[in-house]
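Thanks for coming. I will take one structure today and go through it from the overall fold down to single residues. Please have the viewer open.

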Amino acid sequence: MNQLLRRGLFLVMAGAILMTGCQSKNGDQAFEDTEAEGNGSAVGAETVITGKGDSVSVTGTGAAVDQRIVTITAAGTYRLSGEITDGQIAVNAGKEDEVRLILDGFTISNASSSAVYGIKSGNITITTEEGTDNYISDGTQYQYEEEGADEPDAAVFSKDDIILEGSGTLTVTGNYGCGIRSKDDLTVTSGTYVIDAVQDAMKGKDSVEIEGGTFTLNAGEDGIQASNDEEEDKGYVKISDGTFSITAAAKGIKAETLLEVTGGTIDIDSEDDAVHCNGDVNITGGTFTIATGDDGIHADNQVVIDDGTITIIESYEGIEGLTIDINGGVIDVTSEDDGLNAAGGNDCGLSNNLQ
């Protein structure tokens, strides 16, 4: 009887051990799946990058630091705070990876290259944390590894898409070239931006789309530019909302194929055209206050105005295009030459003051 009891007890214990082993294995597998989904970090986790002046600490996965160069190699969310002096955030992840940088009271400068450099990714989203002030700047001279190279050339530069959002403030100083530049699409949904740049303040090669935000732009060349002139469906600027104060030594807003404004409050003081497109300009809303040394609104093709309030307080020519269609809106133009010019030159048009 005692032998039978001992045998039964052994079988019960063996079964319990076997069940415990199965549960442990299943638990480990579930954890491994979570790791895989997060490209090396648990889903929802943030990697924390903290600047300490001349040093940087990284807590979490997907990023490594060498000196003051932080290289991000995986999709995920990275929270940045503190200050990095003469350093860089370099994003070199997979071509489909989405990388989110949360700026949480963060300052970074680089004396010889971009402070934020997108080498490869699906897109980089830069989010400013609510109530924070954040600063990004570069130097006046860049050092390139290869002779003849000319990129990067902006304080914030990416070869792929850039998305800007948040409730905080981002101040960008482009001492070498542009302030913020994407070689694909540049999209802004919200946030407050103060950008000073030797060249263009904000530039997206394929497109610039702005859905909201507050912008103070001071540019040595164009305030906002989309530069792709090789593809018909690219090279456009679209603004649906936002508050803009643009001072530009060249053009205020420039697009290659289409410049479309459906809303927003836009103040421009520019030496060249304030609103310029090598294709079409379409305005269906928004409030403009324009002072310019050349054209207030210019399109190489057609200008169509369906609505909005346009006040051009100073210009050489007010509104110029191959064709001009005005279907609505309130327009007040003061110009040295033509108020409206649909002749493609500066010889004829309507009177100098159009109200």
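Helices here are DSSP runs of H or I with at least four residues, strands are DSSP runs of E with at least two, and both are numbered from the N terminus. On that basis the chain has 1 helix and 36 strands. This is a predicted model, in which local features need pLDDT of at least 70 and side-chain atom pairs count only at pLDDT 80 or more, while totals for chains, interfaces and linings use all residues. Residues are numbered from 1 along each chain as its sequence is written, and side-chain values use heavy atoms, with hydrogens and water left out.

Burial next. I call a residue buried under 20% relative accessible area, exposed over 50%, and partly exposed in between, using a 1.4 Å probe and protein chains only. The chain has 355 residues, and 46% of them are buried. A contact means heavy atoms within 4.5 Å. Of the contacts between residues at least 6 apart in sequence, 37% join residues at least 24 apart.

Now the core. A nonpolar core is a set of buried Ala, Val, Leu, Ile, Met, Phe, Trp, Tyr and Cys residues joined through side-chain atoms within 4.5 Å. The largest one holds 71 residues, and I89, L101, I136, M202, I224 and I319 have the most contacts inside it. Strand β7, residues 98–110, gives the most to this core, with 5 residues. Take L101 as an example: beyond its neighbours within four places in sequence, L101 is in contact with I72, Y78, L80, I89, V116, I124, T125, I126 and T127.

On cysteines: how many disulfides does a search of the whole structure find? The count is 0, where a disulfide would be a pair of cysteine sulfur atoms within 2.5 Å. C178 counts as buried because its relative accessibility is 0%. C277 is buried too, with a relative accessible area of 0%.

Then the largest pocket. The search runs on a 1 Å grid over the protein atoms alone; a cavity is a set of points where a 1.4 Å probe fits but cannot get out, whereas a pocket is an open set with protein on both sides within 12 Å along at least five of seven lines, and lining residues have an atom within 4 Å of a point. Grid points are joined across faces, edges and corners, and a volume is the space filled by probe spheres set on the points. The largest pocket comes to about 480 Å³. Its lining has 18 residues, and S113, Y117, Q143, Y144 and E145 lie nearest the centre. By type, the lining divides into 5 nonpolar, 7 polar and 6 charged residues.

Some backbone details. Which residues does a cis peptide bond join? They are E151 and P152, with omega at about 5°, and P152 sits in the loop between β10 (133–138) and β11 (154–158). Q67 is not a glycine, yet its phi is positive, about 60°. Q67 is in the loop between β3 (63–66) and β4 (69–72), and it counts as exposed because its relative accessibility is 65%. D86, in the loop between β5 and β6, also has a positive phi, near 50°. D86 is partly exposed, at 35% relative accessible area.

G87 lies in the loop between β5 (76–84) and β6 (88–92). Is G87 buried or exposed? Buried, because its relative accessibility is 0%. Its contacts beyond four places in sequence are R68, I69, I108, S109, N110 and A115.

K251, between β22 (243–248) and β23 (253–255), counts as buried at 14% relative accessibility. Among the residues K251 touches are E221, D222, D272 and D273. D160 is in the loop between β11 and β12 (161–166) and is buried, at 16%. D160 and D185 are 25 residues apart in sequence but 7.2 Å apart in space, C-alpha to C-alpha.

How values were computed
Ala, Val, Leu, Ile, Met, Phe, Trp, Tyr, Cys and Pro count as nonpolar, Asp, Glu, Lys and Arg as charged, and the others, Gly among them, as polar.
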